[in-house]
Amino acid sequence: MGNIFGDQKTLKQYIREQKRVVDRSVRQLERERGAMDRDQQKLTIEIKKLAKAGQMKSVRIMAKDLIRVKKHQEKMATLVAQLRALALQMTTVASMHQLTE
């Protein structure tokens with residue numbers, strides 16, 4: 001766990017850094033998910049307007065885009081869950097290491 005300069009980080013320091021990176025990624029994904037939620041709401045409103053106007057080709061294209069957005073949101077939710085599970089595993093490893101010392 002050392003670097004090219006020779007000083008070695010402890011397991012606790014290494015886990016802390018990696019947990020910080022994971023938490024930062026989770027926050028970024030949550031922000032993106034919020035933006036996608038806003039886009040989804042805008043698309044829904046636009047689809048309703050176009051449907052009332054009778055522009056069915058545009059409605060069909062936008063509906064496909066809406067489905068893509070929903071699927072992408074689901075994938076992001078699973079990714080966030082996996083990252084949080086990883087952070088929990090790192091915390092568990094750190095506590096087990098602390099208990100063994």
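**Exercise 1. Determine which residues of helix H2 are buried, and name an element that covers them.**

Step 1. The model is predicted: local features need pLDDT of at least 70, side-chain atom pairs count only at pLDDT 80 or more, and totals for chains, interfaces and linings use all residues. Residues are numbered from 1 along each chain as its sequence is written, and side-chain values use heavy atoms, with hydrogens and water left out.

Step 2. Helices are DSSP runs of H or I with at least four residues, numbered from the N terminus. Buried means under 20% relative accessible area, exposed over 50%, and partly exposed in between (1.4 Å probe, protein chains only).

Step 3. The buried residues in H2 are Val 59, Met 62, Leu 66, Val 69, Gln 73, Met 76, Val 80, Leu 83, Ala 87 and Met 90. An α-helix has 3.6 residues a turn, so residues three or four places apart point the same way.

Step 4. H1 is among the elements that cover these buried residues.

**Exercise 2. Describe the surroundings of Gln 40.**

Step 1. Gln 40 belongs to helix H1 (residues 11–53). With a relative accessible area of 15%, Gln 40 is buried.

Step 2. Leaving aside residues up to four places away in sequence, Gln 40 is in contact (heavy atoms within 4.5 Å) with Leu 66, Val 69, Lys 70 and Gln 73.

**Exercise 3. Trace the salt-bridge network that contains Glu 30.**

Step 1. A salt bridge requires a side-chain nitrogen of Lys or Arg within 4 Å of a carboxyl oxygen of Asp or Glu. By this rule the count is four.

Step 2. Arg 33 pairs with Glu 30, their closest N and O atoms being 3.6 Å apart. Both lie in H1, three residues apart, about one turn of the helix.

Step 3. Arg 84 also forms a salt bridge with Glu 30, with the closest N and O atoms 3.8 Å apart. Because Arg 84 lies in H2 and Glu 30 in H1, the pair ties together parts that are 54 residues apart in sequence.

Step 4. Glu 30 (30% relative accessibility) is partly exposed, as are Arg 33 (31%) and Arg 84 (48%).

Notes
Helices (H or I, at least four residues) and strands (E, at least two) are DSSP runs, numbered from the N terminus.
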